[in-house]
Amino acid sequence: MNTKIRFRPQRLRANEILRNLSSETTLNPNDLIYPIFIKSQISRKKEILSMPGVFQHTINSAIDEIKSAVDLGLNSFLLFGIPDKKDNIGSSAFSDNGIIQKSLAQIKKEINDVFLITDLCMCEYTSHGHCGILKDNKLDNDETLNMIKKQALSHLKFGSDMIAPSGMIDGAVKILRESFDKNNFKNSPIMSYSAKYASSFYGPFRFAAESSPEFGDRKTYQMNPANKKEALKEVLLDVKEGADIVMIKPALSYLDIISDVKKAVNVPLAAYNVSGEYAMVKAAAKMNLIEEDHVRNEILLSIKRAGADMIISYFAKDYAKSI
Ligand code: PBG
């Protein structure tokens with residue numbers, strides 16, 4: 001027996017109560033944002049093959065899904081729309097009859113006290129699948145600004161509680177803030193996808209949202225996964241332009257970015273636990289390679305521990321159910 005040991009960190013791990021008391025990080029449903037896909041003109045909800053447990057919803061089934069999530073303690077949702085018609089300029093993104101517009105109006109009518117965030121991007125609405133207006137087959141940043149401004153004002157008019165520009169369009173936060181302030185939406189917050197990497201972890205999402213680019217990729221506007229200082233540049237620009245919340249996306253391969261950004265800014269930080277991160281866990285669990293619940297909770301906790309104040313995750317409902 002060695003009696004010379006004086007330092008015994010294990011003392012604090014002796015039982016669950018003590019472990020909980022000395023826990024540095026906690027995660028509760030209030031920290032989670034649950035994404036919902038709503039598709040125009042389908043008659044019933046359809047499970048997404050690449051993302052078991054995630055559905056393309058009708059407006060009615062989305063309402064049921066949101067109600068059941070609210071019963072579990074979730075209160076914040078990120079809405080994605082899949083229109084029935086796409087065109088070159090994504091015009092159904094800002095139509096009064098658009099899928100998001102109709103969904104916002106109906107959800108707000110039927111459910112009290114939910115916070116609805118809308119993703120502001122053109123890729124689900126354009127026939128070419130790129131995140132804005134193209135000129136000579138390249139994204140025209142400044143033309144795209146006009147379009148997302150229209151899209152955002154239309155979302156706000158129909159009841160969106162917060163706008164989340166996700167296209168990595170330069171100057172988006174500035175233009176949106178100015179136009180919200182001018183149009184009587186001075187209290188509408190902006191959560192900017194500030195450092196969004198050109199990631200292959202978005203693969204399953206693009207099936208879900210039917211938003212794969214028809215040609216090329218998104219590397220000319222989304223960030224290079226090799227870069228860290230550039231994430232700080234993007235985030236600081238967005239804060240200066242008026243972002244209320246900044247976001248890092250994806251989460252799991254970018255925990256170092258989350259950690260650095262958390263130290264550098266004084267606005268809340270969101271992280272997006274993206275579709276590929278979800279799909280990998282579901283697939284490994286299906287093969288009995290891992291225990292899904294434990295791995296899921298460990299992943300979500302790691303994102304929080306890295307510095308995220310809130311996490312957007314397809315696991316939100318599973319997590320809320322498990323606690
Ligand atoms: C753009 C958008 C994307 C995601 C969220 N918003 C896709 C993209 O940039 O290609 C990805 C989310 C995920 O993978 O879960 N509308």
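In this predicted model, the ligand sits in the largest cavity of the protein. Two elements each give two or more residues to the shell around the ligand, namely strand S9 (191-196) and helix H6 (203-208). That shell holds 19 residues, and those that come nearest to the ligand are Lys 196, Arg 206, Lys 249, Ser 275 and Tyr 314. By type, the residues of the shell divide into ten nonpolar, six charged and three polar.

Several side chains place polar atoms by the ligand. For Ser 275, one of the residues that come nearest, a polar side-chain atom lies 2.7 Å from an oxygen atom of the ligand. An N or O atom in the side chain of Gln 222 is 2.9 Å from an oxygen atom of the ligand. With Asp 119 the ligand atom is a nitrogen, and the distance to an N or O atom of the side chain is 3.3 Å. The ligand taken alone exposes 410 Å², and the protein buries 100% of that area.

Lys 249 links the ligand shell to a feature of the backbone. This residue is among those that come nearest to the ligand, and a cis peptide bond joins Lys 249 to Pro 250, with omega at about -10°. Pro 250 is placed in the loop between strand S10 (245-249) and helix H8 (255-264). Glu 210 is found in the loop between H6 and helix H7 (229-241), and H6 is one of the elements that give two or more residues to the shell around the ligand. Most peptide bonds are trans, and most residues other than glycine have a negative phi.

The protein as a whole has eleven helices and twelve strands. Its radius of gyration is 20 Å, close to the 20 Å that the globule rule gives for 323 residues, so the protein is as compact as a globular protein of that length. The C-alpha trace spans about 75 × 45 × 40 Å along its principal axes.

How values were computed
Residues numbered from 1 in each chain as written. Predicted model: local features only at pLDDT ≥ 70, side-chain atom pairs only at ≥ 80, totals over all residues. Heavy atoms only, no water. Near = heavy atom within 4 Å. Polar contact = N/O pair within 3.5 Å; in protein donor to acceptor, adjacent residues only side chain to side chain. Areas by Shrake-Rupley, 256 points an atom, 1.4 Å probe, with all protein chains shown as cover. 1 Å grid on protein atoms, 1.4 Å probe; cavity = no way out; pocket = protein on both sides within 12 Å on 5 of 7 lines; lining within 4 Å. Sits in = over half its atoms within 2 Å of the grid points. Helix = DSSP H or I, 4+ residues; strand = E, 2+ residues; numbered from the N terminus. Nonpolar A, V, L, I, M, F, W, Y, C, P; charged D, E, K, R; others polar. Rg over C-alpha atoms; globule rule 2.2 N^0.38 Å.
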